[in-house]
Amino acid sequence: MKFTKQDLLTLLIGLFLFASCKNPDGVGLDVDPNAAITGTLVVSPVTTQLVEETAANTLGLNRYPLGYMTDPVFGKTEAGIAMTVYPVVNTDFGTAPQLDSAVLVLKFDESSTLTKFYGDTTNSKYSIDVFQLANKVTTYKSSDVQSINNTLLGNFTGKLAPNTKTKVFDVIAGKDTLKTVPAQIRIPLNKAFIQNAILNQGTAGTATDTKFIESFKGLYAQINKTSSTGVGGIAFFNFSGTDSYLQLVWKKTNSSNGVDTTSVNFPIGKLVQNSTGGSSISGVAANIKHDYAGTPVQEQISNPNPSASYNVTYLQGLAGVKTRLTFPELTGFTGTYGKAIINKAELVVEIGENAPAYPFNAAQRLSLYRWDIAHQPANIPDFTTFSGSASGGAALFGGYFDSLKKRYIFVVTSYVQSLIDKNMEDYGTFLAPTSYTDFQNVPSATSAERSIIGASNTTANKIKLNIYYTKIN
């Protein structure tokens, strides 16, 4: 009997429709029983290995980290921000200008309440120091150390309130106007320094961006660990709008020998257009440090045996640690179960601790990605398919934390089929935290969250790959 292409397609559809369901329960997202996935269920093992992240690229981030926290499992994490201050070109400071105030204003990120802060806002006190950069910002890796001049220019000390709007006085034509502004921190800077470095330079000092930056260099904000208290946390600030800036208020002599008070806001960072038609911030960089000394994380990282088994493994943002996954049964799947069509495959990632709690809650979203042949990050086929679909595609792919069942689930059907059929080589598959609003397959500098997940050697919450398949021969 000779089959046409149409006959073969009809046969395959029939196999999908009439395949028996041996294990329809127990895995995956809750679904309508009438739409349940059918097929034979195989719970395939997954092995894990903890890996330190490489440095993150912090050029053009949509939010920047600043803070310091001490985690009993993940050790110490520190993040500082190097900021290029751009002038309002040709600012005229007038006759005999005298500075009233200079304030560095940093606006908390507002893209999501889940992304603007990670850590403790209730009991911890934060001391933030500001210095002048010794050189202008030219490097953007999170591991790059930005040189600073050691003279302290300003300090903020107190609790952080990332969800509370602020009331401030705005100087407009000599009048103080009270207005409500987004949640922010305001750091007064040394008046004598700003007077000399900016106002005394006159209009010539702000003639061009290049001339001003060559002279002023920029500012660097970091946590003063000695003056801070509590376990701490990491805040995220946004520089893409007009709400983060260096505000100058000064008096100048007017034509009738009176005195006028005026102000100007010098923006931090510069919004530039990129080659793809989008835009991003230039001139701002983050420096991130991790210290795992004496922690369970360090114990795993330092183990020279890459095949060592553990009950838990770790995931940490801010270019911290990620977990490499291996699927030992997939290369021989056809030999064990026969040639098969994968109806659905789900990677189930269980939390490996009893109750992750404030201030170190479980990461709200994880990324799952692979290495290509050059060991460069690449999306797996399922993410590409779902993200290209209608609204809600990211949720269909998964990776969001289920706080009731304390787990994450990824749909990886196409990826598993490709690995079984050997149409794709597994050069490395990785789990890592990612920003709640932005999926990233590169080291993240926009999420400070972390998770402790069940590994390959545990029993109660083992990471696993659930595969529903239909045998076709």
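Author: A cavity is a set of points on a 1 Å grid over the protein atoms alone where a 1.4 Å probe fits but cannot get out, and its lining residues have an atom within 4 Å of a point. The model is predicted: local features need pLDDT of at least 70, side-chain atom pairs count only at pLDDT 80 or more, and totals for chains, interfaces and linings use all residues. Residues are numbered from 1 along each chain as its sequence is written, and side-chain values use heavy atoms, with hydrogens and water left out.

Reader: What is the volume of the largest cavity?
Author: Five cavities of 30 Å³ or more are counted. Volume is the space filled by probe spheres set on the points, which are joined across faces, edges and corners. For the largest cavity it comes to about 60 Å³.

Reader: How many residues of its lining are charged?
Author: The lining of the largest cavity includes Phe117, Phe236, Thr434 and Glu449. Asp, Glu, Lys and Arg count as charged; Ala, Val, Leu, Ile, Met, Phe, Trp, Tyr, Cys and Pro as nonpolar; the others, Gly among them, as polar. The lining has six nonpolar residues, five polar and, as for charged, one.

Reader: Which strands are at the edges of the open four-stranded sheet?
Author: Strands are DSSP runs (E, at least two residues; helices are H or I, at least four), numbered from the N terminus. Two strands pair if DSSP finds at least two bridges between them. The order is β11-β5-β14-β15, with antiparallel pairing. Pairing on one side only marks the edge strands, β11 (184-188) and β15 (259-267).

Reader: In β15, what is the bridge partner of leucine 246?
Author: Strand β14 covers residues 245-253 and is joined to β15 by nine bridges. Leucine 246 has as its partner in β15 phenylalanine 266.

Reader: What arc do the buried residues of helix α4 cover?
Author: Buried means under 20% relative accessible area (exposed is over 50%, partly exposed in between; 1.4 Å probe, protein chains only). In α4 (209-216), Asp209, Phe212, Ile213 and Phe216 are buried. They lie on the same side of α4 because, around the axis, they cover an arc of only 95 degrees. The arc is taken from the directions from helix axis to C-beta atoms, and here is 95 degrees.

Reader: Which residue is joined to tyrosine 358 by a cis peptide bond?
Author: Most peptide bonds are trans. This one has omega of about 5 degrees.

Reader: What is the relative accessible area of asparagine 90?
Author: Asparagine 90 is in the loop between β4 (75-83) and β5 (95-107). Its phi is positive, near 65 degrees. The residue is partly exposed, at 47%.

Technical notes:
On a 1 Å grid over the protein atoms alone, a cavity is a set of points where a 1.4 Å probe fits but cannot get out, and a pocket is an open set with protein on both sides within 12 Å along at least five of seven lines; lining residues have an atom within 4 Å of a point.
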